[in-house]
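Please look through the sequence and the three-dimensional structure shown below before reading on. The notes after it are a short briefing, arranged by topic.

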Amino acid sequence: MKDFNDFLRILASDESKAEVERIILDNAMEEEREVNDIHTYLYTVIDAVTDYKLRKYHEWASQG
């Protein structure tokens, strides 16, 4: 059985933090171009970060 703490360490890694930061900045620029309100921006960022974390989880779970 896999140790879930390993997955949490992946999410806490500098690489993962940098990817989340990139997602937030990319979405901020997109929302600024589209002139959307802060609520739309927050929902978009939450969705994007959640998708990223789910993708990382599936990668982690499928390894061995």
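The briefing starts with the overall fold and then turns to the core, the charged pairs and the aromatic rings.

This is a predicted model, in which local features need pLDDT of at least 70 and side-chain atom pairs count only at pLDDT 80 or more, while totals for chains, interfaces and linings use all residues. Residues are numbered from 1 along each chain as its sequence is written, and side-chain values use heavy atoms, with hydrogens and water left out. The protein has three helices and zero strands, where helices (H or I, at least four residues) and strands (E, at least two) are DSSP runs numbered from the N terminus.

**Overall fold**

- Read from the N terminus, the elements follow the order α-α-α.
- The radius of gyration (taken over C-alpha atoms) is 14 Å, well over the 11 Å that the globule rule gives for 64 residues, so the protein is more spread out than a compact globule; the globule rule itself is 2.2 Å times the number of residues to the power 0.38.
- Along the principal axes, the C-alpha atoms fill a box of roughly 45 × 20 × 15 Å.
- Of the 64 residues, 19% are buried, where buried means under 20% relative accessible area, exposed means over 50%, and partly exposed lies in between (1.4 Å probe, protein chains only).
- Among contacts (heavy atoms within 4.5 Å) with a separation of 6 or more, 65% are between residues 24 or more positions apart.

**The nonpolar core**

- In soluble globular proteins, nonpolar side chains tend to be buried together.
- The largest nonpolar core here consists of six residues, namely V20, I23, Y41, V45, V49 and Y52; such a core is a set of buried Ala, Val, Leu, Ile, Met, Phe, Trp, Tyr and Cys residues joined through side-chain atoms within 4.5 Å.
- Helix 2 (14-34) and helix 3 (38-62) each give at least two residues to this core, and the largest share, four residues, comes from helix 3.
- When its neighbours within four places in sequence are left aside, V49 is in contact with V20, I23 and I24.
- N27 is part of helix 2, and it counts as buried because its relative accessibility is 14%.
- Not counting residues up to four places away in sequence, N27 touches Y41, T44, V45 and A48.

**Salt bridges**

- The whole structure contains five salt bridges, each being a side-chain nitrogen of Lys or Arg within 4 Å of a carboxyl oxygen of Asp or Glu.
- One of them joins the side chains of R9 and D6, at 2.5 Å from N to O; these residues are three apart in helix 1 (residues 4-11), so about one helical turn separates them.
- D6 has a relative accessibility of 34% and therefore counts as partly exposed.
- Another salt bridge is formed by R33 and E30, whose closest N and O atoms are 2.7 Å apart, and these residues are three apart in helix 2, again about one helical turn.
- R33 is exposed, with a relative accessible area of 58%, whereas E30 is partly exposed at 31%.
- E59 and K56 also meet through their side chains in a salt bridge of 3.6 Å, N to O, and both lie in helix 3, three residues apart, or about one turn of the helix.
- E59 is partly exposed, with a relative accessible area of 36%, while K56 is buried at 16%.
- Salt bridges that share partners connect E19, R22 and D26 in one network.

**Aromatic rings**

- The structure holds five aromatic pairs; rings of Phe, Tyr and Trp (its six-membered ring) pair if their centres lie within 6.5 Å, and planes under 30 degrees apart count as stacked, over 60 as edge-to-face and the rest as tilted.
- F4 and W60 make an edge-to-face pair, 6.1 Å centre to centre with 85° between the planes, and this pair links distant parts of the chain, with F4 in helix 1 and W60 in helix 3, 56 residues apart.
- F4 is partly exposed, with a relative accessible area of 43%, whereas W60 is buried at 8% relative accessibility.
- F7 and W60 make a tilted pair, 5.5 Å centre to centre with 40° between the planes, and their positions in helix 1 and helix 3 are 53 residues apart.
- F7 is buried, with a relative accessible area of 5%.
- Ring pairs join F4, F7, Y57 and W60 into a cluster.
- The charged end of K2 sits over the ring of W60, 4.7 Å from its centre; for this, NZ of Lys or CZ of Arg must be within 6 Å of the ring centre and within 35 degrees of the ring normal.
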